[in-house]
Amino acid sequence: MDPYALKTVNAERRARRAVILVTDLGDGRDRIVREGDQVAGELGAAIAKAFRSGNSASVEAEGRTFFLNAYLPQPRLVVIGAVHISQALAPMARIAGYPVEIVDPRTAFATADRFPDVALHAEWPEDILKRQPLDSYTALAAVTHDPKIDDFALKAALDANCFYVGALGSRKTHAKRVERLLALGATADQIARIHAPIGLDIGAASPAEIAVAVLAQAIQAFRSRGHESKDAVA
Amino acid sequence: MDNSIYLDEARDPLIIAEGWMKDGKDVAIATVVETWGSAPRPVGSHLVIDADGNFHGSVSGGCVEGAVVTEAVDVIDSGKAKMLEFGVADETAWQVGLSCGGRIKVYVERLG
């Protein structure tokens, strides 16, 4: 392995950016491919597949054998709102491989007692997201029902190209939200990426059932990255 | 959000390898490049080894690491990469085979 390749792979992983290290198993040469880089032919198709699935693999292309090692950031779920749904969502998502962080400035909601073993930020999304920005390997679910808390985070999630953006609320609530997000400068295409009402339509009734619907929808979004509209790639 | 939750630098083989490199050590990197049947570690997993045989990470559940480390020290000496194969079909299965019955291919290369 080239020392420069190793340094680059580590730097990209620290920055939560996806890279693939392509090694020619015949002569040992390697090169870094970043998400969005254009690679032609069979090798390019295999690279695109590896970015989507996160699975590393050996591939035959152009008469050679290449090993594609995919280093994808761990997907995570940021939940705006330390509410009843979030209490069920946090442990479920963690088990499914999506660690959760919860943001809610209302200190009565965001307590360690209600959320044991969860990364909890009892502050405004404006503050925490400035210090620790969202990225395209993050899902964001806004579930406070309070525009003062949800709106900024939703706009930030759209700008960061989060792989999933969901917002709790009826269609009527969402229609008003759309107006507010437009006023904040979000484009109609961006707003169309918001899943609202939130969650897969499984007829969820209880907070825990809604959590299942949200988690399933976030997983679906993660596993179909690159299959949605091209404009989703910023 | 806090990235240290997502990347455990103290145990991450590639971060350790970079640290060794900065300390001027010779390093080999072993990577699982193919698996068949039940394999304890997925394709892409790393074991990193220095010239003294110190290692971090894993390419199996501890079944074949000893053999990989021995080969890696050779690879550091020669600079020539090696492809190793382990599994029940292998002659050495009973010494360093995978008890789970799977087969794995491990690519061992020198850093730099």
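**Reading the model, feature by feature**

Guide: We may start with a hairpin: strand 3 and strand 4 of chain A form one with two residues between them, and A:Glu62 in the turn has a positive phi of about 55 degrees. Helices (H or I, at least four residues) and strands (E, at least two) are DSSP runs, numbered from the N terminus. This is a predicted model, in which local features need pLDDT of at least 70, side-chain atom pairs count only at pLDDT 80 or more, and totals for chains, interfaces and linings use all residues. Residues are numbered from 1 along each chain as its sequence is written, while chains are lettered from A and ligands numbered from 1 in the order in which they are written.

Visitor: How many bridges join strand 3 to strand 4 of chain A?

Guide: Two strands pair if DSSP finds at least two bridges between them. Here strand 3 (residues 57-61) and strand 4 (residues 64-71) of chain A run antiparallel and are joined by five bridges. Within this pairing, A:Ala57 has A:Leu68 of strand 4 as its bridge partner.

Visitor: Is strand 5 of chain A largely enclosed or open?

Guide: A residue is buried if 20 or more other C-beta atoms lie within 10 Å of its own, exposed if 12 or fewer, and partly exposed in between, with C-beta atoms placed from the backbone. Strand 5 (residues 76-80) of chain A is largely enclosed by the rest of the structure, because five of its five residues are buried. In a regular strand the side chains alternate between the two faces of the sheet. Both faces are covered in strand 5 of chain A, with A:Arg76, A:Val78 and A:Ile80 buried on one side and A:Leu77 and A:Val79 buried on the other.

Visitor: Which strand pairs with strand 5 of chain A over five bridges?

Guide: Strand 8 (residues 138-142) of chain A does so, in the parallel sense, and A:Val78 has A:Leu140 as its bridge partner there. Strand 5 of chain A also runs parallel to strand 6 (residues 100-103) of chain A, joined by four bridges; in strand 6, the partner of A:Ile80 is A:Val103.

Visitor: Why is A:Gly26 classed as exposed?

Guide: A:Gly26 is exposed because 11 other C-beta atoms lie within 10 Å. A:Gly26 sits in the loop between strand 1 (19-24) and strand 2 (30-34) of chain A. Two residues are in contact if their C-beta atoms, placed from the backbone, lie within 7 Å. Leaving aside neighbours within four places in sequence, A:Gly26 is in contact with A:Arg64 and A:Thr65.

Visitor: Where do the domains of chain A lie?

Guide: Domain bounds come from an automatic or database domain assignment. For chain A, this gives domain 1 (3-71) and domain 2 (76-232). Their centres, taken over C-alpha atoms, are separated by 31 Å. Each contributes four residues to the contact between domain 1 and domain 2 of chain A.

Visitor: Which residues touch the most other members of the largest nonpolar core?

Guide: A nonpolar core is a set of buried Ala, Val, Leu, Ile, Met, Phe, Trp, Tyr and Cys residues joined through C-beta atoms within 7 Å. The largest has 98 residues, and A:Ile20, A:Ile102, A:Leu140, B:Ala28 and B:Ala30 touch the most other members. Helix 8 (residues 207-223) of chain A gives the most to this core, with seven residues. The core draws at least three residues from each of domain 1 and domain 2 of chain A. Among the residues that A:Ile20 touches beyond four places in sequence are A:Val33, A:Phe51 and A:Leu68.

Visitor: What is the pattern of chain B along the sequence?

Guide: Chain B follows α-β-β-β-α-β-α-β, with three helices and five strands. Of its 112 residues, 43% are buried.

Visitor: How many residues does each chain give to the contact between them?

Guide: Chain B gives 22 residues and chain A gives 25. On the side of chain B, helix 1 gives the most, with five residues. The buried residues of helix 1 of chain B, including B:Leu14 and B:Ile15, pack against helix 1 (3-14) of chain A together with strand 1, strand 2 (46-50) and strand 3 (55-57) of chain B.
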